[in-house]
Amino acid sequence: MLQLENITKRFFPGTVNERTALDRLDLSLGEGDFVTVIGSNGAGKSTLLNIIAGRYTPDDGQVRIDGRSVTKQAEHRRAARVGRVFQDPMAGTSPHLTIEENLAIAFGRGQGRGLRMAVTGNKRKVFRAELASLELGLEDRLEMRVGMLSGGQRQALSLLMATYAKPAILLLDEHTAALDPSRAELITRLTGEQVARHSLTALMVTHNMQQAIELGNRLIMMHEGRIVLDVDEAAKKTTTPENLLEEFSKIKGASLSDRTLLD
């Protein structure tokens, strides 16, 4: 489904500020895998997602989706196959459009272009049914501008928009970090439900170790641009945040007493 082979990405090459964000990284996800990603700041987590999405082009290595190389493919060309939910609830929707207009754009992703009514009666029925699954009452506010919604509501809408078209890969970039605890818990639950409902292949970056353990069937830890720990589904069932901190301390060769050191 997704293969990254020997991916290297450097920023400011040839200058005193040169930094290697990804260092000969290999990663493979099979169909239906839901992989959570943790690591310290600067580990390369967001760069990894940007490479997959096409925002960045690697200096070396190959990115393949369904066996096809997309390494040089532009981000907008890759968008039909790669869904993404960002940390900022403002990033995944258009605030000046209504809920139904945002959904019409998202639900039409990957379809041929042509002249047709953006929102029809039949589409509204579909929109209402999909929004009802969020349990936020948004199905009764189709004509409300998205800019009027709360951060949690917008993030739930972004999640729905990113998953409905069943992308080949779903990228979740710390998408609960900017929310209050109750809304973060809701979006976490909805994430698990939407991924399972559509049988999606997903990669989720998070700073919340408990969340990383509870969601998905695999967990990877990154450090200095490399994957330094890969926990499979069986091992994940007995993994704790304390276990992860212990492993990270071994890798860094230092004693860690505060789990925020992985933030």
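Buried means under 20% relative accessible area. Keep that cut-off at hand for these exercises, which all concern a predicted model.

**Exercise 1. The open sheet**

Give the strand order of the open sheet and identify its edge strands.

*Solution.* Trace the pairing across the sheet: four strands come in the order β2-β1-β4-β5, with antiparallel pairing. The strands that pair on one side only are β2 (19-29) and β5 (68-69), and these are the edges.

Strand β4, residues 60-65, runs antiparallel to β5 and is joined to it by two bridges. Within this pairing, Ile-65 has Arg-68 of β5 as its bridge partner.

**Exercise 2. A hairpin**

Describe how β9 and β10 pair, and find the residue with a positive phi in their hairpin.

*Solution.* Strand β9 covers residues 218-223 and strand β10 residues 226-231; five bridges hold them in an antiparallel pairing. Leu-219 sits opposite Val-231 of β10. Two residues lie between the strands, and in this hairpin Glu-224 has the positive phi, near 55°.

**Exercise 3. An aromatic pair**

Classify the geometry of the pair formed by Phe-11 and Tyr-56, then say which parts of the chain it ties together.

*Solution.* Begin with the count: there is one aromatic pair. Phe-11 and Tyr-56 are 5.3 Å apart centre to centre, with 75° between the planes. Planes over 60 degrees apart count as edge-to-face, and that is the class of this pair.

Then place the two rings. Phe-11 belongs to strand β1 and Tyr-56 to the loop between α1 and β4, so the pair links parts 45 residues apart in sequence. Phe-11 is buried at 18% relative accessible area, whereas Tyr-56, at 28%, is partly exposed.

**Exercise 4. The nonpolar cores**

Find the residues that touch the most other members of the largest nonpolar core, and the element that gives it the largest share.

*Solution.* The largest core has 34 residues, and Ile-99, Leu-103, Leu-131, Leu-134 and Leu-157 touch the most other members. Elements giving two or more residues to it are α3 (99-107), α4 (121-132), α5 (151-164), β7 (169-173), α6 (181-197) and β8 (202-205). Of these, α5 supplies the largest share, six residues.

Beyond its neighbours within four places in sequence, Leu-103 contacts Phe-127, Leu-131, Leu-157, Leu-160 and Met-161. Another core of 26 residues lies apart from this one, and Leu-22, Ile-52, Val-70 and Ala-168 are among its members.

To finish, consider Ser-158, also in helix α5. At 4% relative accessibility, Ser-158 is buried. Its contacts, leaving aside neighbours within four places in sequence, are Val-85, Pro-89, Gly-92 and Thr-93.

Definitions and conventions. Residues numbered from 1 in each chain as written. Predicted model: local features only at pLDDT ≥ 70, side-chain atom pairs only at ≥ 80, totals over all residues. Heavy atoms only, no water. Core = buried A, V, L, I, M, F, W, Y, C linked by side-chain atoms within 4.5 Å. Buried < 20%, exposed > 50% of the residue type's maximum accessible area, 1.4 Å probe, protein only. Contact = heavy atoms within 4.5 Å. Pairing = 2+ DSSP bridges. Phe/Tyr/Trp six-rings, centres within 6.5 Å; stacked < 30°, edge-to-face > 60°.
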